[in-house]
Amino acid sequence: MKKTALIMAGGKGERFWPKSRQSLPKQFLSLTNDGKTMIQLTVERILPLVSLEDIYIATNTTYKHLVLEQLPGLPEENILCEPVGRNTAPCIGLGAVHIQHKYEDAVMIVLPSDHLIKYNDIFTETLSNACEVAEIESNLVTIGITPNYPETGYGYIKADNHRPLKKTFAVDRFVEKPDFNLAKTYVESGDYYWNSGMFIWKLSSILENMKNFMSDTYNGLMHIQSAIGTDEEDCVLKDIFPGFVSDSIDYGIMEKASGIYLIPGNFGWDDVGSWLAVERVKGSDVSENTLTGNVIALNTSHCTIEGRDRLIAALGLKDLIIVDTDDALLIADKNSAGDIKKILSVLRETNREKYL
């Protein structure tokens, strides 16, 4: 079957403040040494399977110009601008009806725009296998990342390893983010995988499940689909989309549907969820520091320091994150990396929105 892709690129990347801002969020930044942005890398790694004309980007109007700048050659009509954020289920539904407007049915690969993959060849092979399973009946396929430590920041998927189908396993259940002891049990069992947020299915399969489990959203999507390509398209989208219930695809569909399969992903995945990921992505020096820009570090260890042209001199520091931009400087203990959103809340409360 024809292979298509929907890349979700509407997030704000708030845990990467102050480098990630409302005007230039994480997915449009380069966090690797090759200078390519995260969304560019996402498109690049899917091209062996999907042609550029069949790749769709779901974002919002604010970021449309960034998509056009960073992905030259992508058809402008493939940039789907959500009027408001309504979580992943309506986002995926919007992508599905647009692709179905072009193709009666096709395989749809859904990917976040802000993940990094170390082994692209293995990634491509994994997705190719997933596409084969998705073409069978109405199967819904997800990529589960084989865990190598008890992470408490991810949701998990329990797979039935005794029921394989073309290198995939039937999904037993989705589970919420666990505490450390439970996560440790999950990892030791060998039956649980990290929920990567990557999905593969036929258009007909996902839309049929939306009809069954999210009927109001489905009906609204059908109205939107009927207006695609007409003068009323924008008005219909702005009228209907904000009324959708904000649901994740996991809660809205995957936790309720049948015929769900998982294929293990062992391709060096990182969701780059916070500044702690920079060390994993870029590596560190002999003092376990990850230094970018004009930085001198003396008697300093286990620090991530992101600078630019201005000199940053670090002396006697340990376990800190330092990020310098033109108008804001972040200094945080690594143990507080997950709480950076709290700074943004204070900025809003004190009317300092210009720093968001």
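## Close-up views of a predicted model

**View 1. Helix α11 and its buried side.** In helix α11, which runs over residues 340-349, the residues I340, L344 and L347 are buried. These three cover an arc of only 55 degrees around the axis, which puts them on the same side of α11. An α-helix has 3.6 residues a turn, so residues three or four places apart point the same way. The structure shown here, like that in each of the views below, is a predicted model. On the face of α11 turned away from the buried side, the residues K342 and E349 are exposed. The strand β17 (329-333) is what the buried residues of α11 pack against, and just after the helix, N351 takes a positive phi of about 55 degrees.

**View 2. Helix α8 and the elements that cover it.** Helix α8 spans residues 233-240, and its residues V236, L237 and I240 are buried. Seen down the axis of α8, the buried residues fall within an arc of 100 degrees, so they line one face of the helix. The other side of α8 carries D234, C235, K238 and D239, which are exposed. Among the elements covering the buried residues of α8 are the strand β3 (79-82) and the helices α3 (88-102) and α7 (215-227).

**View 3. An open sheet that ends in β17.** Four strands form an open sheet in the order β12-β14-β16-β17, and their pairing is mixed. The strands β12 (290-292) and β17 are the edge strands, each of them pairing on one side only. From one strand to the next, the twist averages 5 degrees. Strand β16, made of residues 320-324, pairs with β17 in the antiparallel sense, and five bridges join the two. Within this pairing, I321 has A332 of β17 as its bridge partner.

View 4. Side chains of opposite charge can pair when their charged atoms come close. A search of the whole structure finds 17 salt bridges, and one of them joins K158 to D172, with the closest N and O atoms 3.9 Å apart. Because K158 lies in strand β7 (residues 156-165) and D172 in strand β8 (residues 168-175), the pair ties together parts that are 14 residues apart in sequence. K158 counts as partly exposed, at 24% relative accessibility, and D172 also counts as partly exposed, at 44%.

**View 5. A salt bridge between E306 and K282.** The side chains of E306 and K282 meet in a salt bridge, with a distance of 3.2 Å from N to O. This pair links distant parts of the chain, since E306 belongs to strand β14 (residues 304-306) and K282 to helix α10 (residues 277-282), 24 residues apart. E306 is buried, with a relative accessible area of 4%.

**View 6. A salt bridge between a buried and an exposed residue.** D324 forms a salt bridge with R310, and the closest N and O atoms are 2.7 Å apart. The two residues come from distant parts of the chain, with D324 in strand β16 and R310 in the loop between β14 and β15 (312-315), 14 residues apart. D324 is buried, because its relative accessible area of 9% is under 20%, whereas R310 is exposed, because its relative accessible area of 53% is over 50%.

**View 7. A network of salt bridges.** Here K2, D54 and K102 are linked in a network of salt bridges.

How values were computed: Residues numbered from 1 in each chain as written. Predicted model: local features only at pLDDT ≥ 70, side-chain atom pairs only at ≥ 80, totals over all residues. Heavy atoms only, no water. Buried < 20%, exposed > 50% of the residue type's maximum accessible area, 1.4 Å probe, protein only. Arc of directions from axis to C-beta. Contact = heavy atoms within 4.5 Å. Pairing = 2+ DSSP bridges. Axes fitted to C-alpha atoms, helices over the stretch in contact; angles between N-to-C directions. Salt bridge = Lys/Arg side-chain N within 4 Å of Asp/Glu carboxyl O.
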